[in-house]
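Trainee: Could we go through this structure together? I would like to start with one residue and then widen the view.

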Amino acid sequence: MLVYSPEMDSKSSPMLQLINILVVDDNPGVAALVQEAISAAPAVNVQVSHDAVEAEKMLHEISPEIVVLDLIMPGLTGMELLDKIIQWNPATSVVLLTGEYRVDYAVAALQKGACDYLTKPFEVETLQLRINTLIDEIRHHQPSGANPEDESGSDGPEKWMIGKSPAMVAVFDRMRQIAPHFRSVLIHAETGTGKELAARALHRLSPVSQGPFVVCNCAAIVETLFESQLFGYVKGAFTGAQKDHAGLFEEAEGGTLFLDEIGELPLPLQGKLLRALQERAIQRVGSHVVRHVNVRIIAATNRDLAAMAAANQFREDLYYRLAMVKIQLPKLADRRGDLPLLERHFIQKYSEQFGKNITGSTRRVKVLLERHDWPGNVRELENAIAHACMVAGGEKIDVQDFPEDLRNDSGRHAVRSRELAPTIAEMEYRQATMILQQCDGNKQQAAQRLGISRNTLYRILKERPMTRSATA
Ligand SMILES: Nc1ncnc2c1ncn2[C@@H]1O[C@H](COP(=O)(O)OP(=O)(O)OP(=O)(O)O)[C@@H](O)[C@H]1O
Ligand SMILES: [Mg+2]
């Protein structure tokens, strides 16, 4: 069972937290190789097991922070053992060794909570690099004695993102689940749904939250400058390269690189990016020196990358690399329950920003927001409320404070039945004219019955909606 325990005293610093590592592989040759490779790191205690059932017992004996796990083993499989490890302590960093390139297995394992995988045969150096990165993260962010569960409770994604609908609660759960482990994540969602906000929240929840969060907008990158921007360059690499320059990968060292609009990255550049992601290493333009980078990747897109890959518009291998762990954000139309919360949040934000004292909105605004389709999602809602707060005169924003196209939009019922779905402006107009008729044209009386001021009634009558009310 226990075949190796390194001489800690000879190579470890007393200042370093001891990291326990368990290597589980039924092939003794591979296990010994892995053990030897990672024992080179300072202050680590590497133990080996050749069978998953025994390994499960060892979890409780040695409490490993890291487990290097062979995925395919006889008896209890690596996948089953992974379940048990995550159940035992979700903060354990599990690195998988897969016998062959099995994307489906690797995806399932990463989704369960593994943090990385290596395909056999692997380079000893690559293994060392990945394990050393994990060790650094553990030492840097979890001083010995810290209870990882303590951190997760209060500081969830809810701190930065608004949402109480079931769809958002599921997203938050998923973010909490993957934040400690992920190496790369793909956020897929429609425009304006909060992809960048989610990326920042994931970074803040991750063990590298103290490191940099660097944004690379792939849609804005000039093809010829891609390499120099991402990987940097050395002096003299090209005309104008007057001194050495670090690229975005190096800037993000010890933190997160956010690859926004990844679907817009031209095909020839995708191969270059894939190499950097696979090897976790880059070369500055004009230099032969290979630099290892310790960077977490979050990519975001509103495009269907799987469909693009099928149509040869996106590299399939890059897609698989990025999409191992995926987060899908819901459309605003699919989480209407969050509208009041978001509305309140943005009213407060823009009321402050414009130095006003706006406390809320009228009931008619709620109807307006509820009936709109929100193709631009949260960003569209935010812009609409910002507009309303800017022009509002009173303490409450009202329908007339919203942009005209939104006011006159008949919303989600538009396609189904325009006749049955008059706009707010039309409903107001119809109601006002009906009551006015009943009051024999007495505007004072009509306004009173409608519960609005005479001025408002004048405005409603004056702004007679031109769309369908003429025929209605
Ligand atoms: N859940 C949320 N809670 C609070 N604000 C949000 C939420 N989702 C999005 N927002 C706000 O909506 C705006 C758009 O969000 P963000 O830029 O993250 O979206 P995106 O999906 O990256 O958009 P695009 O596709 O246009 O790049 C931002 O101002 C953001 O703060
Ligand atoms: Mg964005």
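**A walk through the model**

Mentor: Let us start with A43, which is buried, since its relative accessible area is 2% and buried means under 20%. Please keep in mind that this is a predicted model.

Trainee: Where is the place of A43?

Mentor: A43 sits in the loop between α2 (28–39) and β2 (44–49). Its phi is near 55 degrees, a positive value in a residue other than glycine.

Trainee: Is D440 buried or exposed?

Mentor: D440 is exposed, because its relative accessible area is 74% and exposed means over 50%.

Trainee: What caps the N-terminal end of helix α20?

Mentor: N442 does, at the N-terminal end of α20 (residues 443–450). A side-chain oxygen of N442 lies 3.0 Å from the backbone nitrogen of Q444.

Trainee: And what comes just after α20?

Mentor: Just after α20 there is G451, which takes a positive phi of about 75 degrees.

Trainee: Let us change topic to the chain as a whole. How many helices and strands are there?

Mentor: The protein chain has 21 helices and 16 strands. Of its 472 residues, 49% count as buried. Its accessible surface comes to about 22,800 Å², and carbon and sulfur atoms account for 50% of that.

Trainee: What about contacts between residues at least 6 apart in sequence?

Mentor: Among those contacts, 72% join residues at least 24 apart.

Trainee: Now the ligand. How many residues surround ligand 1, and which are the closest?

Mentor: Ligand 1 is surrounded by 16 residues, and the closest are I162, K195, L197, R379 and E382. The shell divides into six nonpolar, four polar and six charged residues.

Trainee: Which helices each supply at least two residues of that shell?

Mentor: They are α9 (195–205), α15 (339–353) and α17 (377–391).

Trainee: Why does ligand 1 lie between domain 2 and domain 3?

Mentor: Domain 2 (159–328) and domain 3 (332–413) both give residues to the shell, so ligand 1 lies between them.

Trainee: Which atoms lie 2.7 Å apart at K195?

Mentor: An N or O atom in the side chain of K195 and an oxygen atom of ligand 1 are 2.7 Å apart. With T193, a backbone N or O atom is 3.3 Å from an oxygen atom of the ligand. E196 likewise has a backbone N or O atom 3.1 Å from an oxygen atom of ligand 1.

Trainee: How much of the accessible area of ligand 1 does the protein cover?

Mentor: On its own, ligand 1 has 630 Å² of accessible area, and the protein covers 85% of it.

Trainee: Back to single residues, please. Is R280 buried or exposed?

Mentor: R280 counts as buried, because its relative accessibility is 9%. It is found in the loop between α12 (267–279) and β11 (281–283).

Trainee: What does the side chain of R280 reach?

Mentor: The side chain of R280 reaches the backbone oxygen of V295 at 2.6 Å. Leaving out residues up to four places away in sequence, R280 touches several residues, including L129, R183, R275, H292 and I297.

Trainee: Could we finish with helix α8? Which residues should I look at?

Mentor: Consider I178 first, which lies in α8 (residues 166–178). I178 counts as buried at 4% relative accessibility. Beyond residues up to four places away in sequence, it touches V185, L202, V325 and I327. The C-alpha atoms of I178 and P90 are separated by 9.8 Å, although these residues are 88 apart along the chain.

Trainee: And A170, is that one in a helix or a loop?

Mentor: A170 is found in helix α8. It counts as partly exposed, because its relative accessibility is 45%. A170 and L329 are 159 residues apart along the chain, with 9.6 Å between their C-alpha atoms.

How values were computed:
Residues are numbered from 1 along each chain as its sequence is written. Chains are lettered from A and ligands numbered from 1 in the order in which they are written. This is a predicted model: local features need pLDDT of at least 70, side-chain atom pairs count only at pLDDT 80 or more; totals for chains, interfaces and linings use all residues. Side-chain values use heavy atoms; hydrogens and water are left out. Helices (H or I, at least four residues) and strands (E, at least two) are DSSP runs, numbered from the N terminus. Buried means under 20% relative accessible area, exposed over 50%, partly exposed in between (1.4 Å probe, protein chains only). Contact means heavy atoms within 4.5 Å. Accessible areas come from the Shrake-Rupley method with a 1.4 Å probe; for residues, only the protein chains shown count as cover. A residue is near a molecule or strand if one of its heavy atoms lies within 4 Å of it. A polar contact is a pair of N or O atoms within 3.5 Å; within protein, one must be able to donate a hydrogen and the other to accept it, and residues adjacent in sequence count only if both atoms are side-chain atoms. Ala, Val, Leu, Ile, Met, Phe, Trp, Tyr, Cys and Pro count as nonpolar, Asp, Glu, Lys and Arg as charged, and the others, Gly among them, as polar. Domain bounds come from an automatic or database domain assignment.
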